[in-house]
Amino acid sequence: MSIELRNISKKFGDFVAVDNINLHIETGELVALLGLSGSGKTTLLRIIAGLETPDTGEVLFHGEDASDVSVRERKVGFVFQHYALFRHMTVFENIAFGMRVIPRRARPAEAVIARRVHELLKLVQLDVFADRYPSQLSGGQRQRVALARTLAVEPKVLLLDEPFGALDAKVRQELRRWLRRLHDEIKITSVFVTHDQEEALELANRIVVMNQGRIEQIGSAEEVYHHPANAFVYNFLGNVNLFHGRIENGRVFLGDTAVELENTHTHAHPETGKAVLYVRPHLLEIVMKPNGKQTFPATVKSINPAGPQVKIELVAEWGDMVQVEIDHERYRALHLEPGANVFLRPKEPKLFVYSI
Amino acid sequence: MAGQPQREPKRPGTADPPMVRVALITIALVFLALFLFIPVIAVFAEALQKGIGAYFAAIADPEARAAIRLTLMTAAIAVPLNVTFGIAASWAIARFDFPGKQTLLTLIDIPFSVSPVISGMLFVLLLGVRAPLGGFLADHGIRVIFAEPGIVLATIFVTFPLAARELIPIMQAVGSEEEEAAIVLGAGGWQMFFRVTIPNVKWGLLYGLVLCNARAMGEFGAVSVVSGHIRGHTNTMPLYVEILYNDYQFAAAFAVSSLLTLLAIATLIAKHFLERRVVPAKPEQDNLAVKVAA
């Protein structure tokens, strides 16, 4: 089922949670709403579910206005961040709940319910836990029960509110992959909310980057990561170095170094004025000698060689802290020590200049 | 070994010296014995003073039976009403933000902060035959004060914070996520209420019910003012005990008292078991359970 949001706005008192959002989600898509807390992403998800009523605008399911359709009739599945499992019911009863509350005439027979619950338990790989209570399960197991419970009512749309937010990193990764596989299998239109850019990039067909109740950019992982629409998106998707500089006659200056503009990814920028330049740590190269106008001097502060890349912290000549990531091979070749004076060079034409 | 100085047994820095501990425990126990155990035993001793036959005769007396019946009836009306009010009030306070929420919270406590005698007087002033409202009702043949309705009203008034006070913190701690989950899964309002809301607060509800019942049956002050002490008609058990006592019928007075005491003991036992279940599962406890399960 496709979802369409038209001019959705929602205020809580004076706080504008969602500000005139328009969004179309195709049938079978897996869409991420990505943003910091307070960006309105959860409110938007709750509006789609019908758990909140928008002040203005409408939600369309399959092209039909759902404004007057109550939550229980919307056929949406909602997975809560803290699982919201019924604590006084066993795992089995939790999953069966959605079927047990169907009006008697349409309710499946007990045997059908039991079969369906066991199918779902198998799907989430928890068949041995049917008689446990939620408090006897780990966080990851609970979230899988919550998913099974949601799928039991065969929703047309699956909405997930920070589904892995309360889990530790390892379990989160596992569940993420599992959800991806599940979605590939059952192809249900899904929207999930996350503040974890890595999660959004890995899981979603399309990412909706939100900030202060508005959409900053909609696009595939590739698009939002490599072609950010603005500084916020670039800044939000991954680590970034931020340099204050200036633009003079179309050239960007950092300290005394002029960085060539052809090497930057810019939209509109004035010919002259202040500028902020964003560079990802792995898009800076460390060289020992200056190399034309593309390099600027810096001093090594600290080195962290743990992990797939070596993380080096430097201080630029003009005082800004700079993070650089280089591979281990390059690190060994450079013989870097804290205190060493080196030069930094932007690697690719992927700088991002934003005039202020 | 003999030459070595005897080492004091190690004790955590926060523990009190043994002397203090013994003294405190002794004081507590002596106090309990003096003010609780001895009186309770005395009640039964006095009640059975003239033999078991007299004991049952005192209870079987028509006036005693009328008092017991009135007490049970009062509790049977007041307790369900207050539990209903408690659920409604705690739901409203825990789930919604509305103007006057703080005021409602404060108002709920009024019966606790006002002397029961004043509560009774309040009803006499409002519903007595000389008051406009009471006069109007009397003209239509409804007697409230010095009759059963007054007793029921006064009892409802003094007991109504009990269930609500018990339920509000539990409802707030449980939160509304499970209820939202139930609705999204297709449950109707009543299905959600009976399958999710009530089971989540059931122990607190039962606890509130037990407390409410004990107070409803034992209330003296407020009921005394509105009852008029008409023997066989408007005497509840506590009022009847007072009358017997003032008539120097000690054995009978203590026999009826012993029933109230038994109720109190049963309440305490119920309270003890309910209290252990009433604490809603906290996240920390959940984590602990996970560790145990893993």
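I began with the meeting of the two chains, and found that 22 residues of chain A are in contact with 20 residues of chain B. I note here that the model is a predicted one.

I then asked which elements of chain A supply at least two residues each to the side that touches chain B. Strand E6 (76–79) does so, and helix H2 (91–100) does as well. Sorting that side of chain A by class, I wrote down 13 nonpolar, 6 polar and 3 charged residues.

Next I looked up the nonpolar cores. The largest has 96 residues, and among the members that touch the most others are A:Leu33, A:Ile95, A:Ala148 and A:Val208.

My last entry concerns a sheet in chain A. In what order do its 5 strands lie? I read the order as E16-E20-E17-E18-E19, in an open sheet with antiparallel pairing. Strand E16 (284–287) and strand E19 (321–326) of chain A are the edges, since each pairs on one side only. From one strand to the next the twist averages 45°.

Within this sheet I picked out strand E17 (residues 296–304) and strand E18 (residues 310–316) of chain A, which pair in the antiparallel sense over 6 bridges. Opposite A:Ile303 I found A:Ile312, which belongs to E18 of chain A.

Technical notes: Residues are numbered from 1 along each chain as its sequence is written. Chains are lettered from A and ligands numbered from 1 in the order in which they are written. This is a predicted model: local features need pLDDT of at least 70, side-chain atom pairs count only at pLDDT 80 or more; totals for chains, interfaces and linings use all residues. Two strands pair if DSSP finds at least two bridges between them. Helices (H or I, at least four residues) and strands (E, at least two) are DSSP runs, numbered from the N terminus. Axes are lines fitted to C-alpha atoms, for helices over the stretch in contact, and angles run from 0 to 180 degrees between N-to-C directions. A nonpolar core is a set of buried Ala, Val, Leu, Ile, Met, Phe, Trp, Tyr and Cys residues joined through C-beta atoms within 7 Å. A residue is buried if 20 or more other C-beta atoms lie within 10 Å of its own, exposed if 12 or fewer, and partly exposed in between; C-beta atoms are placed from the backbone. Two residues are in contact if their C-beta atoms, placed from the backbone, lie within 7 Å. Ala, Val, Leu, Ile, Met, Phe, Trp, Tyr, Cys and Pro count as nonpolar, Asp, Glu, Lys and Arg as charged, and the others, Gly among them, as polar.
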